[in-house]
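The exercises below are to be worked with the sequence and the structure at hand. Each task is followed by a solution in steps.

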Amino acid sequence: MSQHDHGAQPVILPPAEAWGVIRSLLKPSTYLQFVKEHPILSLIFVAGVAVTVNRFLIGGLAGTTNLDNNNPWGIWISFDLLCGVALAAGGYTTTAAALIFNIKGFRTAVKPAILTAFLGYSFVVYALLYDVGQPWRLPYPVFWSPGTSSVLFEVGLCVMLYVTVLAIEWLPNFTDWVGLPKISHIIHKCTIALTIMGIVLSTMHQSSLGMLYLITPSKLHPLWYSPQLPLQFFVSSMVAGMSMVIFEGTISHHYLHGRMSAEYNRDHDGVLFMFAKAASIVLFGYFFMKWVPIAGENKWDYLFDGKFAVMWWVEMLGFVALPCLLYALGYRSRSTGTIKAASALAVLGIVVNRFNVSWFAFNIQLRPEQRYFPSAQEVIVSVFVVTLIILCFRFVSKYMAIFSDHPSYKDHH
Amino acid sequence: MKRRHFLGLAGAATATALAGNAMASGHSFEGYPNSYGVLFDASRCIGCRQCEMGCNTINSENETKPWTTLPKKDPAYFADLKSMNDTARTDSTMYTLVNKYEPQALGGKSPVYKKFQCFHCKEPACASACFVKAFTKTPEGAVTYNGSVCVGCRYCMIACPWSVPAYQFDKLVPYVQKCHMCHPHIKAGRTTVPACVGACPMEALVWGKREDLIHQAWERIRSVPGTYLPHVYGEHEMGGTNWMYISSVPFAQIGLPENLGQTPAPELTSGALGLVPLVACLWPVLLGGIWQITQWKDRKAEEATQKAVAEAVAVERAKAGK
């Protein structure tokens, strides 16, 4: 078990200088400096902007994607939407643990988790702008012509509300930074109400993403199609959230160590062990939950039938059972290395599951030559979006008090 | 959005979801009475593509909405019978298409043709999936699309069991395109039957009231024993459709999936959607309760600790006092 009591209190700029940082974002020299320091990121950025221009002004969806009438949804839905939302679940799992269940030692994990969730959801919405045909109409389902019988309406309404909740929850980081503590103070008074709203909305739209596929019993392979898809998506989102907190914490620790307060570092391993144990238990339950529809709908024969059976077993053994076991072993032996490996595997497992449901095991009625594979430009957009999330995360945690307490809260806890 | 407006919306969502749930438990919608439909007879179709041309003509020569107007095609395009195959599908430039199959049932050599277009479900998957209510099931039978609200999410294309809706992927302001059973043209009096039906020289397509068509289909099946399979495709598939098929070869061999079941698409999601308001009501109470309990327990534990400390201190003091 590692101890992290080292490290000085990170420096938080006084409000006057904060505005200076914001102003510097408007200067071209800031970006030239960035290009010099990060040539690879800049290259991704340029490629992303080029595809963006092509998508909206020149080629449209046909000129940028491999989507067609048989494959209306591609990697922008499979990865950016389904995986994006699942992997941003750390927001609700962490706030539930810290603020509702009042688990000691979770307080310092709340702000990074909220930042990740806020950026994750914001960029899910951003990526959707690329995918839908007329993105300027995105508010229509809520404000203009609500189709309340649609699962997608439910998803849209919840995601819209949740992004708002996350924005409010995140806002104090910004208002503290620029010196508007009154706003922070008002928001802090609403913490519990906001947290509960966040959990309720997360429950609803995490499960609704699975609900989207209930309408396609003839297109989705029987090993994945089940009336319990919504439940499976919700339960697996908890694993995704907790694993992502561990996974991301490890990376942040490596790159942003100088921004972390002694208290954050002291709590860090506690959060890791607690979530490792919880994720192990949830994965254990999820493993058996996945068998219920197989038994209930008598789908045993499919388990030994061709490549889909192999895919199902790989998902179940390699990406559910194995991370479950590793988490349990890592917790018992107090091995952070094992737990970190388990978290990477679990995060990958969520991607595998969402890809299976929305891509690999979907549209099975098509002939092999009609199946979808993403174009280079589609992949560029997805990489571009992930890069933007990382850059925003880095910027915010570099200047605002994400991994530490803001100096003005010295006496608050 | 005003708060009241939002609450109204949330209420509407709840009511719909609950109504949907009620529908799932005691399904009762029998479809619009006296709605019209078309019966296609695969044993009569000769693959002449006149229906395709009729469709293109009426929908390209009459400028209606952008999403109900097709680009004009050269008649020579429809005269090409050689290139017909079993893989082509409708796209955003056509509402209907005739596929050519060489089914195993006939030794794999003799051709059988099948016309493909929207099936006009009694309870359409596209309409229940659409989050802006762009699709309407008209009492006359057609399922129509209103592009003026369409966001372009393409969930209708995912939801449709036959993948009917096509999308203008190549446009910068794209719409869905799909057969509307000539609903705007019949309404405007430009035609009395769908253009494809009017163009068919073999009476492979018959227009009429859905109930009459089902009756007629079964009459045909019974009157020539051994010719047709005893199945009217669309009578029950996905809860029933207004466009139906009879055939002498198994439907699966002419590109019509037989594994769709009889459950109308909206029922597949209404049960789960019905649970949403339950979660929205139960969760806050439960979570609020848990929060209260943890707060209370922490406070009690704190008090107990302080009390124990105070007692210990008192004991020590008493000892020291002696």
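**Exercise 1.** Determine which residues A:Thr195 touches, leaving out those up to four places away in sequence, and decide whether A:Thr195 is buried or exposed.

*Solution.* Contact is taken as heavy atoms within 4.5 Å. By that rule A:Thr195 touches A:Thr95, A:Leu99, A:Ile100 and A:Glu169. Next, locate the residue: A:Thr195 lies in helix α11 of chain A, residues 191–211. Helices are DSSP runs of H or I with at least four residues, strands are runs of E with at least two, and both are numbered from the N terminus. Finally, A:Thr195 has a relative accessibility of 1% and therefore counts as buried. The classes are buried, under 20% relative accessible area; exposed, over 50%; and partly exposed, in between (1.4 Å probe, protein chains only).

The model is predicted: local features need pLDDT of at least 70, side-chain atom pairs count only at pLDDT 80 or more, and totals for chains, interfaces and linings use all residues. Residues are numbered from 1 along each chain as its sequence is written, chains are lettered from A and ligands numbered from 1 in the order in which they are written, and side-chain values use heavy atoms, with hydrogens and water left out.

**Exercise 2.** Compare the span of helix α5 of chain A, residues 75–87, with that of a straight helix, and state which of its residues are buried.

*Solution.* The expected span is 1.5 Å times one less than the number of residues. Eleven of the 13 residues are buried, so α5(A) is largely enclosed by the rest of the structure.

**Exercise 3.** Characterise the interface of chain B and chain A.

*Solution.* Begin with the counts: 61 residues of chain B are in contact with 64 residues of chain A. The area buried between the chains is about 5400 Å², and carbon and sulfur atoms give 65% of it. Buried area is the accessible area (1.4 Å probe) that two parts lose on being put together, summed over both. B:Phe131, B:Ile158 and B:Phe169 supply 13% of the area that chain B buries against chain A, more than any other three residues.

Then consider the salt bridges, each a side-chain nitrogen of Lys or Arg within 4 Å of a carboxyl oxygen of Asp or Glu. The rule finds three across this interface. A:Asp131 forms a salt bridge with B:Arg154, with the closest N and O atoms 3.1 Å apart.

**Exercise 4.** Which phi value does B:Ser163 have, and where is B:Ser163 placed?

*Solution.* Most residues other than glycine have a negative phi. B:Ser163 is not a glycine, yet has a positive phi of about 50 degrees. B:Ser163 sits in the loop between α5 and β6 of chain B, and counts as buried because its relative accessibility is 7%.
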